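The sequence and the structure are shown first.

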Amino acid sequence: MDKLYREFEKLTMKHEPLMAAAIMMAQAMKIYKAVLSEEEYKMITEHILDSRNDIISLEKPTIN
């Protein structure tokens, strides 16, 4: 899980971060919808919404 997380983090550093985030979010929602039951999908999307203020920001890279 940590390795995959680091790979996604690298993508946001190499590409436009907002475009990378939008694509990752869209793909995540498609996967959730495909593999979860309707009730599980509802629960995960409600959890995402409810925890939106708990998300910490990434540090922006410094340009030397």
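Helices, taken as H or I with at least four residues, and strands, taken as E with at least two, are DSSP runs that are numbered from the N terminus. In this predicted model, the chain holds three helices and zero strands, and its pattern along the sequence reads α-α-α. With a radius of gyration of 14 Å, well over the 11 Å that the globule rule gives for 64 residues, the chain is more spread out than a compact globule. Along the principal axes, the C-alpha atoms fill a box of roughly 50 × 25 × 20 Å.

**Surface and burial**

Of the 64 residues in the chain, 6% are buried. The accessible surface of the chain amounts to about 6,200 Å², and carbon and sulfur atoms account for 62% of that area. Ile-55, which is found in the segment after H3, has a relative accessible area of 63% and is exposed, because the cut-off for that class is over 50%. Between Ile-55 and Arg-6 there are 49 residues of separation in sequence, and their C-alpha atoms are 17 Å apart in space.

**Charges**

The chain carries 9 positive and 11 negative charges, whose mean positions are 7 Å apart. On the surface, Glu-39, Glu-40, Glu-46 and Asp-50 gather in a patch of negative charge. Asp-50, a member of that patch, lies in helix H3, which covers residues 38-50, and counts as exposed at 61% relative accessibility.

Side chains of opposite charge can pair when their charged atoms come close.

| Positive residue | Negative residue | Distance, N to O |
| Lys-10 | Glu-7 | 3.4 Å |
| Lys-33 | Glu-38 | 3.4 Å |

Lys-10 and Glu-7 both belong to helix H1, which spans residues 2-14, and they stand three residues apart, about one turn of the helix. Lys-10 is partly exposed, with a relative accessible area of 44%, and Glu-7 likewise counts as partly exposed, at 38% relative accessibility. In the pair formed by Lys-33 and Glu-38, Lys-33 counts as partly exposed at 43% relative accessibility, whereas Glu-38, with a relative accessible area of 56%, is exposed.

Technical notes:
Residues numbered from 1 in each chain as written. Predicted model: local features only at pLDDT ≥ 70, side-chain atom pairs only at ≥ 80, totals over all residues. Heavy atoms only, no water. Rg over C-alpha atoms; globule rule 2.2 N^0.38 Å. Buried < 20%, exposed > 50% of the residue type's maximum accessible area, 1.4 Å probe, protein only. Areas by Shrake-Rupley, 256 points an atom, 1.4 Å probe, with all protein chains shown as cover. Lys, Arg positive; Asp, Glu negative; His and termini not counted. Charge placed at Lys NZ, Arg CZ, Asp CG, Glu CD. Patch = residues over 30% accessible without salt bridge, like charges linked within 9 Å, V, L, I, M, F, W, Y side chains within 5 Å. Salt bridge = Lys/Arg side-chain N within 4 Å of Asp/Glu carboxyl O.
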